[in-house]
Amino acid sequence: MPYNVGVMATNDNLGTFEQIILTSLVILGENAYGATVHEKVEELAEGSRSIGSVYTTLDRLEQKGYVKSWFGDPTPERGGRAKRFFKIQAAGQLALNKSMQLADNMLTALKEIGGVV
């Protein structure tokens, strides 16, 4: 008999890039749209990331119910194009909090054995 009979797997574990994206949304607040999210992700990740990977991850997080997006009004500065804004949802905040707690637990455990300076 399989060991997981009757136990549902949950898919609320965030990957590192998802953590960075959600953290960016929290930091940016109402100013979270494609370009600013991309800039903040590159800042937090300390390196170049493609805008496509940011949008792909934002779309995946929206499908999971962690993020909400909407289009603002078109602006002349953008050639009449509208910005796509993003906001972290309660489920996304909860998943991010759990993920950060897990990372903190691991860091604490490693520090206790001298595995991290």
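This is a predicted model: local features need pLDDT of at least 70, side-chain atom pairs count only at pLDDT 80 or more; totals for chains, interfaces and linings use all residues.
Let me begin with the whole chain. There are four helices and two strands. In sequence order the pattern reads α-α-α-β-β-α. So much for the layout.

Now burial. The chain has 117 residues, and 28% of them are buried. The exposed surface comes to about 7,900 Å². Carbon and sulfur atoms supply 56% of that surface.

What about contacts along the sequence? Take the pairs in contact that sit at least 6 apart in sequence. Of those, 50% join residues at least 24 apart.

On to the helix pairs. Two packed helices are described by the angle between their axes and the distance between the axes. I will give both for each pair.

Start with α1 and α2. Their axes come within 9 Å. The crossing angle is roughly 120°. That angle is neither in the perpendicular range of 65 to 115 degrees nor over 145, and the two helices are therefore oblique to each other. The crossing is right-handed. Who takes part? From α1 we have Phe17, Ile20, Ile21, Thr23, Ser24, Leu25, Ile27 and Leu28. Facing them in α2 are Thr36, Val37, Lys40, Val41, Leu44 and Ala45. By class, this contact of α1 with α2 holds 10 nonpolar residues, three polar and one charged.

Next, α1 again, this time with α4. Helix α4 covers residues 90–112. Here the axes come within 10 Å, again with a crossing of roughly 120°. This pair is therefore oblique as well. The hand of the crossing is left-handed. On the α1 side the contact uses Gln19, Leu22, Thr23 and Val26. On the α4 side it uses Gly92, Gln93, Leu96, Ser99 and Met100. The classes for α1 with α4 are four nonpolar, five polar and no charged residues.

The axes come within 10 Å and cross at roughly 105°. That value falls in the 65 to 115 range, and α2 and α3 are therefore roughly perpendicular to each other. Gly34, Val37, His38 and Val41 contribute from α2. Ile51, Val54, Tyr55 and Leu58 contribute from α3. This contact of α2 with α3 divides into six nonpolar, two polar and no charged residues.

Now some single residues. First, glutamine 19. It sits in helix α1, residues 16–28. Is glutamine 19 buried or exposed? Its relative accessible area is 18%. The cut-off for buried is under 20%, so glutamine 19 counts as buried. Which residues does glutamine 19 touch, beyond its neighbours within four places in sequence? Leu14, Leu96, Ser99 and Met100.

Second, threonine 57. This one lies in helix α3, residues 51–63. Its relative accessible area is 4%, so threonine 57 is buried. Residues up to four places away in sequence aside, threonine 57 touches Phe17, Glu18 and Ile21.

Third, the loop between α2 and α3. At 74% relative accessibility, glutamate 46 counts as exposed. Serine 48 is in that loop too. Serine 48 is exposed, at 63% relative accessibility.

Last, asparagine 31. Its place is the loop between α1 and α2. With 41% relative accessibility, asparagine 31 counts as partly exposed. Asparagine 31 and phenylalanine 85 are 54 residues apart in sequence. In space, their C-alpha atoms are 7.7 Å apart.

That is the tour.

Note on methods: Residues are numbered from 1 along each chain as its sequence is written. Side-chain values use heavy atoms; hydrogens and water are left out. Buried means under 20% relative accessible area, exposed over 50%, partly exposed in between (1.4 Å probe, protein chains only). Contact means heavy atoms within 4.5 Å. Accessible areas come from the Shrake-Rupley method with a 1.4 Å probe; for residues, only the protein chains shown count as cover. Axes are lines fitted to C-alpha atoms, for helices over the stretch in contact, and angles run from 0 to 180 degrees between N-to-C directions. Angles under 35 degrees count as roughly parallel, over 145 as roughly antiparallel, 65 to 115 as roughly perpendicular and the rest as oblique. A crossing is left-handed if the near helix is turned anticlockwise from the far one by less than a right angle, and right-handed if clockwise. Ala, Val, Leu, Ile, Met, Phe, Trp, Tyr, Cys and Pro count as nonpolar, Asp, Glu, Lys and Arg as charged, and the others, Gly among them, as polar.
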